[in-house]
2 protein chains.
Amino acid sequence: MGGGARAGAGTGGAGAHAGAGTGSAHAGARTSDAGTHTGTATTSGNPHAGAGAGSAHAGAGTGGAGAHAGAATTSGNPHTGTGAGADANALADYLRAQATEFLRALRRHRESGAGAGASGPGAGGPGRTAPPADDVDAVRALRRAARRISGTLHTFQPLLDASWAEEMRPELAWLSGTLALEHAYASRLERLLQALHRLSGSAAFPAPRPVGRTTAATTATTATVPTGVPAPARPASPDRGSLTVGAAKAGALLDRQLTLARTRAHSTALQALGSSRFHAVADKVALLASEVPLRVTARPNRGATAPETTPCDLRPLAAAAEERLADAVTALPLVAAGSPYNAQALVHGLSPDPAPHPQDAPWHQVRLLLRLHRYALEALAGADAADAGDPGDVVDVRLLAAGEALDRHRDASEAAAAAAQAARTPRIAPATAYALGVLHADQRHEVEAARYAFQHSWRKEPIRLP
Amino acid sequence: MGGGARAGAGTGGAGAHAGAGTGSAHAGARTSDAGTHTGTATTSGNPHAGAGAGSAHAGAGTGGAGAHAGAATTSGNPHTGTGAGADANALADYLRAQATEFLRALRRHRESGAGAGASGPGAGGPGRTAPPADDVDAVRALRRAARRISGTLHTFQPLLDASWAEEMRPELAWLSGTLALEHAYASRLERLLQALHRLSGSAAFPAPRPVGRTTAATTATTATVPTGVPAPARPASPDRGSLTVGAAKAGALLDRQLTLARTRAHSTALQALGSSRFHAVADKVALLASEVPLRVTARPNRGATAPETTPCDLRPLAAAAEERLADAVTALPLVAAGSPYNAQALVHGLSPDPAPHPQDAPWHQVRLLLRLHRYALEALAGADAADAGDPGDVVDVRLLAAGEALDRHRDASEAAAAAAQAARTPRIAPATAYALGVLHADQRHEVEAARYAFQHSWRKEPIRLP
């Protein structure tokens, strides 16, 4: 099935797919997918009227543009049937590009020599075998491409070979998840140590707040972890000094625990990159770089049995992804988050609840949906760029700001949990536990601040389709 | 000197002082006091022109109203010479009224029987001898009147007998300070215990945030302190449960320490109320209730030697108090405070600095100046109410909101310090210290929230004179 699907998909240009029939079937499918976006989609009344490919595209395009006319102000060209780009072919282009990125990153990773030492260092204590910066970049690019391929398979699955996509996605999720851990531990440690310095009133770290996960990446892995909090500005009295000792001890404890976790994650990542499971994924991605297994048959949910290849529009599926995001955002307590100092994030700061706060989960979910939405926009943007030549227009600054706020939310949430976890270490000094308590509360307030920042940027955002 | 001054002040009505001369001397003095408020004060050009009392009042009234014309929109009647109320006589009325309140509260305190047991209970351990609610109210009324008399002496000192005022103020400050301590410890304990419950996700305290010091008073003194944090909603795993134990232990530790401090403060207050020092203060206040020692001579800073009794205007001195407040507010970091989640309040959360954060001091100072400004408005309002009959109009809601925010700022700052202090208790469990650290950070964020609330209410406020 998989081989046949790939063969059927082919690598033809825009005209090859745009000329195929069953445009009416697609128009009807679009209506059922995006029921609330019917708007001006006038072609849905006759699902099997046998209209040509051109008119089917025009109807779908108009429907999409009309439903989002209120928000789609910046793109300017609503693509009313003129562009043949936003079809499954554009999807194939996007997937091929990401697969190429994946293979390029993999080559860089192998050339950096990190793969050679896979069996050498490992869980044998915190050996501080910081990988070279080039390999860090390569692994990040690998994760980046894997995330995009996986997300695109999810959003546009109806256009792709079902069994192939279902087989591919968990493998990509496993890979990006495994590769993400090492960096997550490193940036978590950096965030916590920076916070400890900030809370100690130290000027050692000039930046008042750690920045997002992305920009902190290179420094996190190469930073030399301070063994002691810097000396206080004024001579401390003995009892006050013990708290400074507490901050230093808390930092050392976090350093020990998170460095150990990072080292283990590093070994796991190296093992994963050398495993046969990874090689199977890489082979599939290599195949993807040359040809994308588009769906051969029409959609099964229509009940139609037209077996020819369908030049489906990406917009309805992208709109559905956006709607899932909008629905999830609507379910968030945005009003509370928009009221500063609502003290919601720390409301379970001392509760016996498990470390990942249940109240954080909807925000994490929105973060994932926002990411899927962004990837869908990227896939569409490739199509639009081919049409209109404005690729940079799609990067919505406010969408980026909202995404960064949610990244910060996730990072702070996990850092707070790590501080709480460290405080459960047996036989720590009370001063250490006190510092960890302050640190935990500080990170939970950072969680609250990130929610405020998210609702702030989201409120300002006119949701637009490219 | 004191006796003569009192005799010279008298208890005459409004007309008695309004008709007195030297209006021109006052107009000149007003200009020097409130240099930035000259505005339309046209009479300042001829300081010794010998104008009658009526015209001098008109000039001063117009000057005051003109300078604040942009803000004074609600009072409606700018008192252009028609009202003779805002002179030293109104000041005497206000002081007499506060002295009467003081004596009434003192009688209530003695009748409640709290004074009889002054020698009985005391520092012999945390005996939990909660005073009856009636006595709590009486002591609060006593403090309230003492604060107002002391503040009025400060603001309007140039109109009062200097040596008498200088002798009176420190005694009143000692009294209100001594009486305030017991309530402060009680409300601090209540605030911290409420925060511990809130942080544990407990619904035992329905109010999500402790309200102001004033409304929490009666519950604070009668609340039975819980000995354990309520059971968690779900069965806690052993290591998570230890943190709940930590919250309970932290609450018990704070309860022990602050109850002991409160008991001591209670004894000290009872001793103070039975001391000869207090009786001397009470005698002076009793004298004040019948006659106010206004200044006999003209102001020394004018260099004039006119020795007759002067019907001076209260407005310039009230405006000077308002200006001192405005200057202090200007010096605050309001821009930073207006940016939510600026993380400034906790910036020294783990530093070896002393417990009262240096950054809090300017805010505490503004709180005191705001209180002086409010008392000055009250003194003026009595005069205006006598003229126009609108006493309730003067209570500026936004001024009250700003004052409440600063009260909350002070309470949270002191509560955070108490949590940090408790964490320095030797041999406490790490879980206790952790809970205290979370609590400390929570209260420091409450400090930050109070600053945000203050700048919010202050920014909205058109500063007005009644």
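Is Ala336(B) buried, exposed or partly exposed? In this predicted model, the relative accessibility of Ala336(B) is 34%, and the residue therefore counts as partly exposed.

## Ala336(B) and its setting

Ala336(B) belongs to helix α12 of chain B.

## Overall features of chain A

Chain A comprises 15 helices and 0 strands. Of its 466 residues, 52% are buried. The accessible surface of chain A amounts to about 18,400 Å², and carbon and sulfur atoms account for 58% of that area.

Where the partners are at least 6 residues apart, 85% of the contacts join residues at least 24 apart.

## The largest nonpolar core

The largest nonpolar core contains 54 residues, and the members that touch the most others are Leu436(A), Leu439(A), Leu436(B) and Leu439(B). Both chains contribute helices to this core: in chain A, α7 (162-199), α9 (238-273), α14 (397-423) and α15 (430-459) each supply at least two residues, as do α7 (162-199), α9 (238-273), α14 (397-423) and α15 (430-459) in chain B.

The surroundings of Leu439(A) illustrate the packing in chain A. Apart from neighbours within four places in sequence, Leu439(A) is in contact with Leu192(A), Ala195(A), Leu196(A), Leu199(A), Leu254(A) and Ala419(A).

## Helix α15 of chain A

Helix α15(A) consists of 30 residues. From its first C-alpha to its last it reaches 43 Å, close to the 44 Å expected at 1.5 Å a residue. Because 26 of its 30 residues are buried, α15(A) is largely enclosed by the rest of the structure.

## Aromatic pairs

Over all chains, the structure holds 9 aromatic pairs. One of them is formed by Tyr452(A) and Tyr341(B), whose ring centres are 5.6 Å apart with 55° between the planes, a tilted arrangement. This pair joins two chains, because Tyr452(A) is located in helix α15 of chain A whereas Tyr341(B) is in the loop between α12 (334-338) and α13 (361-388) of chain B. Both partners fall under the 20% cut-off for burial: Tyr452(A) has a relative accessible area of 16% and is buried, and Tyr341(B), with 11%, is buried as well.

A further pair is made by Phe454(A) and Trp458(A), with ring centres 5.6 Å apart; their planes meet at 20°, so the pair is stacked. The two residues are 4 apart in helix α15 of chain A, which means that about one helical turn separates them. Phe454(A) and Trp458(A) are both buried.

Ring pairs also link Tyr341(A), Tyr452(A), Tyr341(B) and Tyr452(B) into a cluster.

Tyr341(A), a member of the tyrosine cluster, is placed in the loop between α12 (334-338) and α13 (361-388) of chain A. Its phi is near 60°, a positive value in a residue other than glycine. With a relative accessibility of 11%, Tyr341(A) counts as buried.

In chain B, Ala343(B) is situated in the loop between α12 and α13. The phi angle of Ala343(B) is near 60°, again a positive value in a residue other than glycine. Ala343(B) counts as buried, because its relative accessibility is 6%.

## Arginine over tryptophan

In chain A, the charged end of Arg277(A) sits over the ring of Trp174(A), at 4.1 Å from the ring centre. In chain B, Arg277(B) lies over the face of Trp174(B), also at 4.1 Å from the ring centre.

Trp174(A) is part of helix α7 of chain A. Setting aside residues up to four places away in sequence, Trp174(A) touches Ala272(A), Ser275(A), Arg277(A) and Phe278(A).

Definitions and conventions
Residues numbered from 1 in each chain as written. Chains lettered and ligands numbered in written order. Predicted model: local features only at pLDDT ≥ 70, side-chain atom pairs only at ≥ 80, totals over all residues. Heavy atoms only, no water. Core = buried A, V, L, I, M, F, W, Y, C linked by side-chain atoms within 4.5 Å. Buried < 20%, exposed > 50% of the residue type's maximum accessible area, 1.4 Å probe, protein only. Contact = heavy atoms within 4.5 Å. Phe/Tyr/Trp six-rings, centres within 6.5 Å; stacked < 30°, edge-to-face > 60°. Lys NZ or Arg CZ within 6 Å of the ring centre and 35° of its normal. Expected span 1.5 Å × (residues − 1). Areas by Shrake-Rupley, 256 points an atom, 1.4 Å probe, with all protein chains shown as cover.
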